[in-house]
Amino acid sequence: TYPGGKESEGTAQTIINQQPPHDTYTEPFAGHAAIARWKRPALNTILIDRDPVCTLWLSLHTQGNLQLLTEDSLEWLPKQHFSARTLIYCDPPYTLRSRARNRTLYDHEMTLEDHERLLQILTSLPCMVQISAYADPLYSSYLRNWRHMTFQSTTRGGLATEHLWMSYPEPKALHTYTHLGADYRERERIKRKVNRWTSRLAALPQLERLALYSAIEETINSPEAAAQPLPSSDL
């Protein structure tokens, strides 16, 4: 596992379950890019890391329509033109003062000045942004108007409280639904339900199936309809 990576049970899923639909996906501090590898691919994916060892590892463990760049993201980000359909997931090396052991882990660490510069860049972008970090007053100050949540993650040093900040409101739709659920058992339950209902829908006559699709779409798009009790169903 990569130091600070998001491979532990429930961590990647929690982050992915907060990602709205997007066309371009970017990780400026990719590491081993657990989120990018677990999520449904976007039309375009850009993974960036300053460490050539990381980009080499990614070249061997990723595939599909993506770009791998060995760049300093503090220099790369300000030069880009991001659209509203871009999602950036930013998982920089956490501030040294926020780490339990206050020790270095990476060949390319960041100073507090680097973190402040990163926050200045990210808060000025027109696209959707997610940022992971431990509790730190610098992040709390810059991101005080962003949506914020915490969750527990298992690290090499034990349980840690992860903070996730988002520049956008709670999503009404997700980019992918395959990681829904608080734990493995719940994710498997949801997966079985989806498979069961999908099979039943596929078995219906075409016009009945289209009628149900239309009713579901109307319910999703109409808050008033969604508030009404659901009728009994042959499903």
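1. A polar contact here is a pair of N or O atoms within 3.5 Å; within protein, one must be able to donate a hydrogen and the other to accept it, and residues adjacent in sequence count only if both atoms are side-chain atoms. With that in hand, look at Gln18, whose side chain makes a polar contact with the side chain of Arg147 at 2.9 Å.

2. Some ground rules before going on. This is a predicted model, in which local features need pLDDT of at least 70 and side-chain atom pairs count only at pLDDT 80 or more, while totals for chains, interfaces and linings use all residues. Residues are numbered from 1 along each chain as its sequence is written, and side-chain values use heavy atoms, with hydrogens and water left out.

3. Now the overall picture. The protein has nine helices and seven strands; helices (H or I, at least four residues) and strands (E, at least two) are DSSP runs, numbered from the N terminus. Its C-alpha trace spans about 60 × 35 × 30 Å along the principal axes. Of the 235 residues, 41% count as buried, where buried means under 20% relative accessible area, exposed over 50%, and partly exposed in between (1.4 Å probe, protein chains only). Among contacts with a separation of 6 or more, 57% come from residues 24 or more positions apart; contact means heavy atoms within 4.5 Å.

4. The sheet is the thing to find on screen. Seven strands form an open sheet in the order E3-E2-E1-E4-E5-E7-E6, with mixed pairing; two strands pair if DSSP finds at least two bridges between them. Strands E3 (66-70) and E6 (147-155) are at the edges with a single partner strand each, so one side of each has no neighbour in the sheet. From one strand to the next, the twist averages 15°.

5. Where does helix H3 (residues 52-61) pack? H3 sits on the sheet, touching strands E2 (44-49) and E3, and its direction makes about 160° with that of E3; axes are lines fitted to C-alpha atoms, for helices over the stretch in contact, and angles run from 0 to 180 degrees between N-to-C directions. Cys54, Thr55 and Leu58 are the buried residues of H3. Viewed down the helix axis, these buried residues fall within an arc of 95°, so they line one face of H3; the arc is that of the directions from the helix axis to the C-beta atoms. They pack against E2 and E3, whereas Val53, Leu56 and Leu60, on the other side of H3, are exposed. At the N-terminal end, Asp51 caps H3, with a side-chain oxygen 2.9 Å from the backbone nitrogen of Val53.

6. Strand E5 (residues 128-133) deserves a slow look. Six of its six residues are buried, so E5 is largely enclosed by the rest of the structure. Both faces are covered: Met128, Gln130 and Ser132 are buried on one side, and Val129, Ile131 and Ala133 on the other.

7. What about the neighbours of E5? Strand E4 (residues 86-90) runs parallel to E5 and is joined to it by four bridges, with Cys90 opposite Ile131. Between E4 and E5 the chain passes through helix H5 (residues 112-122), and this β-α-β crossover is right-handed: with the strands pointing away from the viewer, the path from the first strand over the helix to the second runs clockwise. Strand E7 (residues 158-166) is antiparallel to E5, again with four bridges. Here Ser132 stands opposite Leu164, and Ala133 opposite His163.

8. Within E5, zoom in on Gln130. Gln130 has a relative accessible area of 0% and is therefore buried. Its side chain makes a polar contact with the side chain of Tyr168 at 3.4 Å. Not counting residues up to four places away in sequence, Gln130 touches residues including Ile15, Gln18, Tyr89 and Trp165.

9. That leads back to Gln18, in the loop between helix H1 (11-16) and strand E1 (24-27). Gln18 counts as buried because its relative accessibility is 14%. Beyond four places in sequence, the residues it touches include Gln130, Arg147, Met149 and Pro171.

10. Last stop: Arg117, in helix H5. Arg117 has 33% relative accessibility, so it counts as partly exposed. Leu74 is 43 residues away from Arg117 in sequence and 7.5 Å away in space, C-alpha to C-alpha. The side chain of Arg117 reaches the backbone oxygen of Leu74 at 3.3 Å. Leaving aside neighbours within four places in sequence, Arg117 is in contact with Leu74 and Glu75.
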